[in-house]
Amino acid sequence: MDKSDIEAIKGIVGERRCSTRVAELYSYGFDASIHHRSPEIVVQPSCTDHVSQILRLANAKRIPVLARGGGTGLCGSAVPLEGGIVLDMTRMNSIKEIRVEDLYCVVQAGVIYDKLMEALAPFKFSIPTAPGSGEACTMGGMIATNASGMRAIKYGAMRDYVLGLEVVLASGEVIHVGTRTLKNSSGYQLERLFVGSEGTLGVITEATLRIVPKAKKAAMILAAFDTLELAGKCVSRIIAKPLIPSAIELMDSTCIKAVNKTVRAGFPDVEALCMIEVDGEPETVEKEAAMVQQICREVGATGVELSSDPKQMAKWTYGRKSIMSSLSRFGAGFVSVSLADDMAVPISKIPEAVVAFQAIAKDNGVIVGTYGHAADGNLHTKMLLDPTSEDHWQRGEKAVGEIFDAVISLGGTVTGEHGVGISKAPYMRKERPEALETMRSLKRAMDPNNILNPGKMMDWEGSIIRKLRYPCEKYER
Ligand SMILES: Cc1cc2nc3c(=O)[nH]c(=O)nc-3n(C[C@H](O)[C@H](O)[C@H](O)COP(=O)(O)OP(=O)(O)OC[C@H]3O[C@@H](n4cnc5c(N)ncnc54)[C@H](O)[C@@H]3O)c2cc1C
């Protein structure tokens with residue numbers, strides 16, 4: 001990228017909307033993963049035409065482009081691995097239409113999830129994917145990673161809400177895919193192609209999203225168990241009843257201790273907890289809450305607490321949402337890193353999976369906190385390690401490989417909601433080797449000059465402990 005390219009970009013978006021200041025480039029080199037690489041310029045487009053003109057230029061000059069939303073990605077998908085241009089999409093943040101009678105809304109890609117929920121609330125509607133990062137992540141980033149959250153078991157993931165998209169292709173061409181209708185059998189479902197594409201196939205500029213009415217009432221049950229395995233068994237017993245709660249969150253003792261210490265979550269200090277939410281019409285909530293409590297006791301819960309008090313439920317939810325940040329403050333010199341952080345297994349395999357994770361952590365001498373949206377089989381582990389220690393990284397990476405081998409052998413996937421990026425790239429290749437060539441062919445067809453978020457997913461080679469954000473001499477930064 002040379003001076004004339006920078007001048008050309010300034011000419012497109014205006015001087016105030018680009019930066020080449022070292023501090024700013026450094027900041028835009030992070031997402032929430034373990035990786036870092038500074039771009040050469042940060043640009044804030046304010047309309048689709050800006051995005052189109054920048055991609056046209058980048059494609060002609062073979063300059064890498066990374067579309068960035070809130071930068072909350074946990075796997076390095078928003079780290080500009082090969083420098084180039086970061087397109088900060090957060091200025092394209094207008095909610096263009098809310099049409100409750102047609103069950104959709106139209107938003108620009110940079111709209112923050114919580115802001116959209118605030119705008120939908122007066123209509124008693126929402127998009128209940130509810131990621132833990134809702135206050136910062138954008139709708140574009142959520143679509144590009146197929147994000148979801150604790151309510152996916154009942155309400156699905158972002159792919160279930162995308163009706164139509166406006167996308168700028170690598171060539172700069174603007175295309176509209178999908179529809180504004182709830183049903184559509186009009187050819188290839190191209191809008192789905194961009195869900196989970198992590199910015200490698202095009203830049204999403206606008207989305208038409210399905211909206212659903214908010215549940216009238218909710219209640220939560222907190223059930224304590226002597227082992228994580230028993231808590232896992234409780235999850236599949238509830239689902240098999242059959243009973244589809246709006247959420248079941250699982251937490252092990254490392255996570256419980258961390259949130260009790262750092263945010264005074266007030267959870268009982270036990271080996272494992274299930275936090276179960278039921279929602280719907282008031283009488284349904286009452287009936288399902290009673291059924292859940294009974295199942296928990298039958299499975300062997302040592303304590304069962306019920307609440308429908310919004311304040312208490314918000315406190316438990318806050319405790320659960322604070323696990324990641326609390327783990328980082330758990331032990332001096334240790335940080336919690338997102339390694340093997342987001343696998344999903346068939347629901348009935350949760351007990352086996354959590355037992356395997358605990359054994360792998362012990363064998364490798366690493367501290368692992370296990371939690372997750374267990375109702376849909378999505379488990380998170382966070383490793384606590386000293387990021388300046390070569391030995392810690394080596395043991396951590398070995399444990400990651402073993403955890404993912406266990407997940408794959410249980411019929412699971414290495415990422416349920418956070419995406420592949422860098423941190424899961426080698427393991428995705430192990431999980432679905434026969435899909436790789438098709439993914440590469442699609443990428444070549446849509447981005448022949450490989451300018452869009454290059455080097456990620458199927459194109460990352462070798463160890464994931466590289467391009468680190470931490471100072472550790474052994475590892476290439
Ligand atoms: C505390 C915390 C809690 C979290 N909890 C959850 C959770 O519960 N569920 C969950 O799913 N995730 C969770 N995440 C991960 C993360 O928030 C999601 O992956 C989120 O969808 C990323 O959105 P973003 O706007 O921050 O995207 P970014 O991190 O900026 O980007 C992520 C990817 O999307 C691409 N992208 C962004 N915008 C566009 C666009 N307009 N067009 C094309 N590509 C684009 C980027 O290139 C990148 O590949 C959590 C993260 C944190 C830090």
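Begin by selecting helices α13 and α14, where α13 passes α14 in a right-handed crossing, a crossing being right-handed if the near helix is turned clockwise from the far one by less than a right angle, and left-handed if anticlockwise. The model in your viewer is a predicted one, in which local features need pLDDT of at least 70 and side-chain atom pairs count only at pLDDT 80 or more, while totals for chains, interfaces and linings use all residues. Residues are numbered from 1 along each chain as its sequence is written.

**First stop: α13 and α14**

Helix α13 covers residues 350-364 and helix α14 covers residues 390-409, and the two pack at an angle of about 155 degrees with their axes 10 Å apart. Helices (H or I, at least four residues) and strands (E, at least two) are DSSP runs, numbered from the N terminus; axes are lines fitted to C-alpha atoms, for helices over the stretch in contact, and angles run from 0 to 180 degrees between N-to-C directions. The pair is therefore roughly antiparallel, given that angles under 35 degrees count as roughly parallel, over 145 as roughly antiparallel, 65 to 115 as roughly perpendicular and the rest as oblique.

To see the contact itself, select A353, A356, F357, I360, A361 and N364 on α13, together with R395, K398, A399, E402, I403, A406 and V407 on α14; two residues are in contact if their C-beta atoms, placed from the backbone, lie within 7 Å. The residues of this contact divide into 9 nonpolar, 1 polar and 3 charged, where Ala, Val, Leu, Ile, Met, Phe, Trp, Tyr, Cys and Pro count as nonpolar, Asp, Glu, Lys and Arg as charged, and the others, Gly among them, as polar.

**Second stop: α8 and α10**

Next select residues 228-240, which form helix α8, and residues 282-299, which form helix α10; they pack at an angle of about 140 degrees, with axes 9 Å apart, and are therefore oblique to each other. Here too the crossing, of α8 past α10, is right-handed.

In the loop between α8 and β13 (247-252) you will find P242, which a cis peptide bond joins to K241, with omega about 5 degrees. Then move to the loop between α9 (253-263) and β14 (272-280), where R264 has its place; phi of R264 is near 45 degrees, a positive value in a residue other than glycine.

Colour the protein as domain 1 (3-89), domain 2 (91-213) and domain 3 (217-409), bounds that come from an automatic or database domain assignment. The C-alpha centres of domain 1 and domain 2 lie 22 Å apart, and their contact takes 19 residues from domain 1 and 22 residues from domain 2. On the domain 1 side, α3 (48-61) and β3 are the elements that give two or more residues, with α3 giving the most, 7 residues.

**Last stop: the ligand**

Finally, select the ligand and the 37 residues around it, of which G69, G73, G140, G141 and G199 come nearest; a residue is near a molecule if its C-beta atom, placed from the backbone, lies within 6 Å of it. The elements giving two or more residues to this shell are β3 (65-68), α5 (139-145) and β10 (203-210), and the largest share, 5 residues, comes from α5. The shell divides into 15 nonpolar, 18 polar and 4 charged residues, and draws at least three residues from each of domain 1 and domain 2.
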